[in-house]
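Let's take a look at this structure together, one question at a time.

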Amino acid sequence: MSATVAAETAGRATPSLWRRLPSSPVAMVGLGIVVFWVALAIAAPVLPMPLPNAQDYKAMGHPFGSAAHWLGVDPLGRDLLSRIVWGGRTVLEIAPIAVVIAYAVGCAMGLLAGYYKGWVDAAISRASDVILSFPVVVLYVILIANIGPSPVNIVVAVVLASAPGIARIVRGLVLSLMPQEFVAAAYLRRESDLFVMLVELLPNCRGPLITDFCLRLGYTTITIGTLGFLGLGLPPPNPDWGGMVREATSMITVFPHMSLYPTIALVSLILGFNLLADGITELSQAD
Amino acid sequence: MTRYILRRAAEMLITLLVASFLVFVVTEFSPGNVARKTLGAFALQEQVDLLYQKLHLNDPLMVRYVRWVGVLTGLQADPLQDPALKLDFKDPRGDRYFGNFGYSTLYKAPVNDVLWDRLGNTALLAGLAFAFIVPISLLLGALAGMNAGSILDRILSTVSVVMTSIPEFALGVILVAIFVVWLHILPGTSPMDTHSGWSIAQQLVLPVAVLAIYDAGYVARIVRTSMAEVMAKPYVRTAVLKGLPRHRVIISHALRNALIAPFTVILLQINWLIGGVVVTELVFAYPGFGRMLLDASLFGDVALIEAATLIALFVATTTQLLSDVGYRVLDPRARG
Amino acid sequence: MSLLSIRDLRVEYTTARGTVAAIQDLSLEIGKGESFGLVGESGCGKSTLIMAIMGYMGRNGRVANGEILFEGQNLVRATAAELRRVRGGRIAIVYQEPATALNPSMTIGRQLMEVPIAHANASAASARGQVARVLADVHLPDPDSVMRRYPHQLSGGQKQRVVIAMALLANPALLLLDEPTTGLDVTVEAAVLDLLNELREKYGTALFYISHNLGVIAQVCDRIAVMYAGRLVEDAPAAEIFATPRHPYTRGLLGSLPRPGANKRTHPLVSIPGVVPSAGRAPTSCGFLTRCALAQPGLCDVSPISLDEIATGHLVRCLRWQDAAEPVDRPTAAHLVLADSDVVVQARDMTREFHVGRRRLLANDRLTLAAKRGHVLAIVGESGSGKSTFAKVLAGLDVATGGTLHVLGDDVATRPVRKRGAEKVVAVQMVFQNPDGTLNPSHPVGYPLTRALRKFGIATDRKTIDARVAALFEMVRLPPSLRHALPRQLSGGQKQRIAIARAFAGNPEILVADEPVSALDVSVQAAVINLLLHIQAEQRTTLVFISHDLGLVRYLADEVVVMYLGQVMESGPVAALFDPPYHPYTEALLSAVPVPDPMIRTARIRLEGEIPSPLNVTPGCRFATRCPRKLGPVCDDTPPPVRDAGHDHLIHCHIPLERLRQTEPVFRHAS
């Protein structure tokens with residue numbers, strides 16, 4: 001009989017994605033931007049700046065900025081910096097919650113469709129097709145205009161619009177995983193359907209889903225901003241980047257900074273998410 | 001192939017029916033609202049009640065949806081045009097014809113009078129944008145993808161990721177700040193008339209740019225990925241090791257295959273553009289379909305919302321059908 | 001004068017982990033019209049060598065040292081234009097996977113016509129004529145229709161012929177063959193090898209043949225070099241390599257292959273310990289150091305060893321080659337000679353029918369076979385034979401649509417795993433073909449074992465489970481510390497060991513092994529096979545072994561079933577099956593097996609065409625469409641009778657036994 005196989009392993013252990021992240025400059029820049037905004041959002045209540053809805057009528061004399069208001073004030077004399085920081089807090093609360101719920105729903109749909117195939121798949125896929133056939137913005141406009149703008153409704157709309165796309169990805173992944181032998185091995189251990197779906201299949205969808213998750217955070221940030229701009233975002237006076245731009249566009253020729261600053265804030269956060277997604281894709285392809 | 005197209009067309013029709021039903025549910029879920037919205041905020045309660053009865057608004061949603069389809073297809077008369085209601089809703093086409101979308105309460109005119117001009121404007125806007133998106137994204141994406149990993153790829157990829165990270169309204173603000181506020185070389189609004197002294201062409205520059213830039217970045221990324229994947233395929237290696245010159249390898253082996261996957265994505269951008277025009281038209285006060293849909297939604301113009309979404313859905317599902325058929329034409333493997 | 005002369009070649013790749021030398025200190029010569037074979041396992045650098053010759057190493061690869069002289073020109077320094085003339089013109093490649101080597105969206109005709117247009121400035125019309133001629137040379141029927149088709153409309157064997165035609169179009173001086181038959185069925189492989197030999201004579205092209213399969217190399221090559229961890233370790237005339245191998249690695253490779261006539265009782269396989277190192281990770285002195293039984297500290301691990309000529313034309317890179325001259329000592333057989341025992345698996349007319357559109361596909365058609373307790377039953381067949389379908393039904397991963405399948409007394413034909421009792425599921429376990437798919441990449445490799453022990457109720461508390469898992473790891477000769485590793489950290493052989501441990505976790509009575517070693521490197525295969533047989537014999541498990549490899553089957557089986565397109569062609573004890581009387585299909589299959597010994601001559605029976613689609617079957621014998629001994633319409637129309645040749649040896653054939661008995665044996669020793 002052969003000697004005991006040496007403990008040394010043939011393939012080298014690839015460290016987890018998280019630990020390899022520093023090797024991608026793109027991912028690090030993206031992560032840096034996101035962390036910057038998250039830190040600001042968390043620190044918002046303790047930062048030495050006026051409250052986002054406090055109006056300072058005296059400051060309206062120097063709308064472009066002063067020692068008291070670094071970035072200046074908006075048409076109602078509210079501190080722009082404070083509104084941007086608090087606005088970021090709003091986005092960073094709603095977007096992740098919405099995307100996480102969308103993932104829960106989408107993964108469930110995709111797992112069921114890919115696992116059971118047949119009529120379950122047909123029903124879920126057809127329903128997804130219907131939702132996906134709507135131009136996204138049109139779907140949001142009709143929905144929010146009818147159910148009313150509020151954080152909860154925005155989350156509901158994002159979930160409705162995103163879950164079918166996530167379901168489609170998960171379904172594809174599950175279909176490609178199902179013929180793999182480890183699934184058969186699980187059946188030979190008499191594992192239940194639920195166990196196979198959640199423990200054997202779902203963890204292996206992780207790779208492609210991490211990238212998609214980052215991209216979707218970016219999309220959702222765009223959506224929240226756009227809804228705010230269309231007047232379907234958070235009801236005033238809540239600070240909301242899209243809403244801030246909306247309120248200031250009519251004055252863009254006089255006070256361009258009032259619409260430019262929140263625009264830059266929004267774009268930087270989206271860019272952060274997108275770069276992070278790009279970096280992760282690059283790393284996973286380098287394997 | 002014909003059978004495939006017929007089958008897909010049938011599926012498309014079903015999707016359209018289900019989707020329009022969903023829109024109907026969302027907009028007409030509370031029947032009291034429909035009557036109130038139709039008559040406006042200052043109508044007397046008796047008027048609202050009368051309309052409520054006349055429209056049979058307490059019938060189940062499904063029944064009312066079938067009735068709506070009946071009016072749309074001209075099988076039924078539009079109840080709103082009944083003179084007994086004293087609403088003064090008049091349509092020169094009569095109250096019973098195919099394509100009767102009803103009466104817009106926002107514009108106080110038949111939907112068909114409001115809809116088509118704006119749709120034409122939007123088609124112009126989206127068409128121009130599309131005409132820019134395709135060549136720009138193909139060029140950016142193919143150049144980056146065939147040199148995957150190079151400096152050029154890094155630069156082009158960064159450009160595309162920045163392009164897709166700026167939502168339309170934000171891009172509008174930035175472009176307006178640069179070209180209108182700072183340089184004064186373009187108009188900040190595009191009402192599509194020449195009263196302001198700016199030509200139509202000048203008015204179109206910024207809206208088209210806003211639509212094209214965001215989308216071109218997105219499509220370029222897809223093309224890049226596809227091109228980079230194809231360049232790493234064994235058959236491209238075969239072509240190189242056959243002794244073919246590089247341009248032949250790229251054109252007849254790599255590009256042809258690399259464009260099959262993005263083709264679908266490119267056509268689906270039409271779907272995305274429909275959404276994009278809502279925002280862009282709002283930014284530039286452009287008299288188009290998107291802004292009309294937004295106004296109708298905010299106002300609660302039930303008939304107009306339903307008409308506009310149905311048209312948006314029709315365009316979206318038709319492009320989906322086209323992309324599926326096109327895919328089968330492009331990829332010999334899918335032809336079977 | 002040699003055609004290709006490589007001197008002191010070193011090829012490096014820059015990776016995220018630094019520079020890796022994929023090829024080191026490599027020199028070789030190939031003469032005009034010579035057929036040179038290069039043997040090596042995955043990752044040894046043989047494909048890199050081909051790409052280095054072609055100057056195609058990607059962005060991160062480069063020739064760091066040495067020269068590649070081809071027809072007097074140094075290809076390492078060639079300009080882009082010079083390389084273009086050589087590529088496809090003077091040197092052409094036949095690729096490993098013809099399915100991916102051809103452009104899916106271009107017709108075959110256009111892809112082939114590009115070659116004369118690029119190299120001979122041919123007009124479209126003359127290019128078309130040349131293409132048609134070469135397509136006829138590679139024996140593709142109806143070249144005109146082939147030219148109009150797309151790659152996906154051709155079968156695997158046809159695609160490989162197209163790739164060969166593409167390579168020959170410019171009449172190159174050297175043909176590089178990169179595992180051209182890997183992935184093809186044996187009968188198709190045999191035909192492609194015949195074609196290569198025929199074309200070599202016709203075109204006078206030199207062949208540089210790369211393969212992991214010594215049997216294939218033995219059939220085509222005059223001279224053979226063995227490559228290990230980026231270096232040549234031995235280079236000698238073909239007959240010498242097989243008769244007097246000198247490098248311990250070469251000897252190990254040969255020892256790990258079952259030779260014709262050998263079986264597990266008389267000639268156990270010798271396995272090479274350890275795993276194939278990944279590129280650049282082998283020791284710098286002698287790459288084989290860590291796996292070599294002869295390695296001598298202070299001698300072998302000091303400085304790089306040179307490739308020395310030990311006899312005319314025989315080069316070896318080993319300091320202890322003289323000690324390696326002793327005959328390979330084969331371990332003693334530990335296998336029990338089994339008495340006749342009870343039948344534990346009995347299929348009777350078992351049928352598995354699928355529906356493809358409106359047509360039916362009989363993956364298993366009235367299968368009748370039996371396996372005895374503690375015996376090894378091998379089921380052999382090519383792709384489409386239905387052997388894997390049977391394995392799945394037996395394990396309960398699929399269900400039969402007709403007939404019966406008794407396992408330990410109960411009919412389970414229509415009962416999937418979910419409907420079998422716990423006991424039945426534990427009793428029948430399975431080892432799968434693909435080592436990469438067999439373990440869940442998200443979980444540590446010990447997890448399926450722990451989970452199985454718990455689900456089977458063998459152990460419930462952590463301590464007992466840990467002890468049992470450790471014992472199972474010991475059983476498959478793996479260190480128990482490995483249980484926390486993730487599958488991607490293990491080699492293919494290690495993964496298959498885990499899979500075996502998992503299958504034995506519940507002490508099954510029947511183990512179904514579906515091609516358990518076909519995806520492994522040759523040097524690792526033997527160890528896994530030995531392990532499997534050892535445990536099987538020790539635990540008296542019934543092993544149902546599914547394989548396409550007749551050599552292996554002959555080595556390890558007690559009983560054999562030969563299948564073709566869903567039907568049993570022949571079955572019987574292993575000793576009876578490999579001698580006349582043969583079923584004509586078995587005879588063709590045996591003739592097709594590439595024997596890793598140039599001294600053994602096989603009677604050459606070649607099958608026409610390829611395995612037909614299982615959708616278009618005749619009511620008679622499935623093999624009738626390709627049978628070289630077909631009697632007439634009776635074969636197509638009437639199911640063949642079962643002829644009993646004695647001792648459970650059954651042949652399903654219309655040809656009378658007496659005539660089948662008159663066949664010559666397939667294997668003969670050349671004197």
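Q: How many residues of chain B are in contact with chain C?
A: First, some ground rules: this is a predicted model, where local features need pLDDT of at least 70, side-chain atom pairs count only at pLDDT 80 or more, and totals for chains, interfaces and linings use all residues. Residues are numbered from 1 along each chain as its sequence is written, with chains lettered from A and ligands numbered from 1 in the order in which they are written. Two residues are in contact if their C-beta atoms, placed from the backbone, lie within 7 Å. On chain C's side there are 23 residues, and on chain B's side the number is 18.

Q: Which element gives the most to the side of chain B that touches chain C?
A: Helices here are DSSP runs of H or I with at least four residues, strands are runs of E with at least two, and both are numbered from the N terminus. Giving two or more residues each are α9 (234-241), α10 (246-258) and α14 (332-335) of chain B. The most, six residues, comes from α9(B).

Q: What share of chain B is buried?
A: A residue is buried if 20 or more other C-beta atoms, placed from the backbone, lie within 10 Å of its own. Chain B has 336 residues, and the buried share is 44%.

Q: Which element gives the largest share of the side of chain A that touches chain B?
A: This contact takes 35 residues from chain A and 38 from chain B. Among the chain A elements giving two or more residues are α4 (118-132) and α9 (206-230). The largest share, eleven residues, belongs to α11(A).

Key:
Buried ≥ 20, exposed ≤ 12 C-beta atoms within 10 Å, placed from the backbone.
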